[in-house]
Amino acid sequence: MTDKLSQEEINTLLYESGVGVLALTDGTEAYSIPESFGYDGEKVYFQFVYTADSKKMRFLETTETATLTVYDEHPARSVLVQGPIEPVPEEDETKAATAIAENASIPTLNVYTETTPEEFTMDYYRLEPTAISGRQFSAFTPTPDDQ
């Protein structure tokens with residue numbers, strides 16, 4: 001059984017999660033990646049770290065509607081945030097940095113082990129939601145009698 005999450009429950013999951021799976025497309029192929037994010041109650045903010053040959057950035061350029069999936073297992077629930085992703089204007093970078101600092105799960109893993117820090121670019125982006133939905137799932141938990 002599934003139940004819709006209220007807007008308050010959706011906001012709580014987005015504030016508390018800090019990481020989700022971002023799905024992009026080039027029109028033919030889908031590309032999904034784990035991404036940390038910040039949420040300010042209206043927009044989702046990312047700080048993308050990338051190199052010149054980044055697949056993420058190539059797909060970002062061709063994606064009209066991105067989907068961020070955020071989920072929790074206890075209780076089983078998920079939120080989908082859909083909308084366009086755009087660079088954060090310079091005047092809003094403080095807002096992006098604050099949202100990320102307050103609730104993003106910043107990874108310490110360097111996925112570019114052969115790349116020096118000088119070769120990275122870091123930019124703020126935001127997902128402007130055109131649709132947000134959330135569901136909670138009732139899971140069957142077997143008792144000793146069920147086994």
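A salt bridge is a side-chain nitrogen of Lys or Arg within 4 Å of a carboxyl oxygen of Asp or Glu. The model examined here is predicted. By this rule, seven salt bridges are counted.

Lys-55 pairs with Glu-29 in a salt bridge. Their closest N and O atoms lie 3.3 Å apart, so the pair falls within the 4 Å cut-off. The two residues come from distant parts of the chain, 26 residues apart. Lys-55 belongs to helix α2, which spans residues 55–62. Glu-29 sits in the loop between β2 (19–25) and β3 (30–36). Lys-55 has a relative accessibility of 30% and counts as partly exposed. Glu-29 is also partly exposed, at 38%.

Lys-56 forms a salt bridge with Glu-35. Here the closest N and O atoms are 3.0 Å apart.

Asp-72 has a relative accessible area of 26% and is partly exposed. Arg-77 has a relative accessible area of 13%. Arg-77 is therefore buried, since buried means under 20%. Glu-16 joins Asp-72 and Arg-77 in one network, built from salt bridges that share partners.

Conventions:
Residues are numbered from 1 along each chain as its sequence is written. This is a predicted model: local features need pLDDT of at least 70, side-chain atom pairs count only at pLDDT 80 or more; totals for chains, interfaces and linings use all residues. Side-chain values use heavy atoms; hydrogens and water are left out. Helices (H or I, at least four residues) and strands (E, at least two) are DSSP runs, numbered from the N terminus. Buried means under 20% relative accessible area, exposed over 50%, partly exposed in between (1.4 Å probe, protein chains only).
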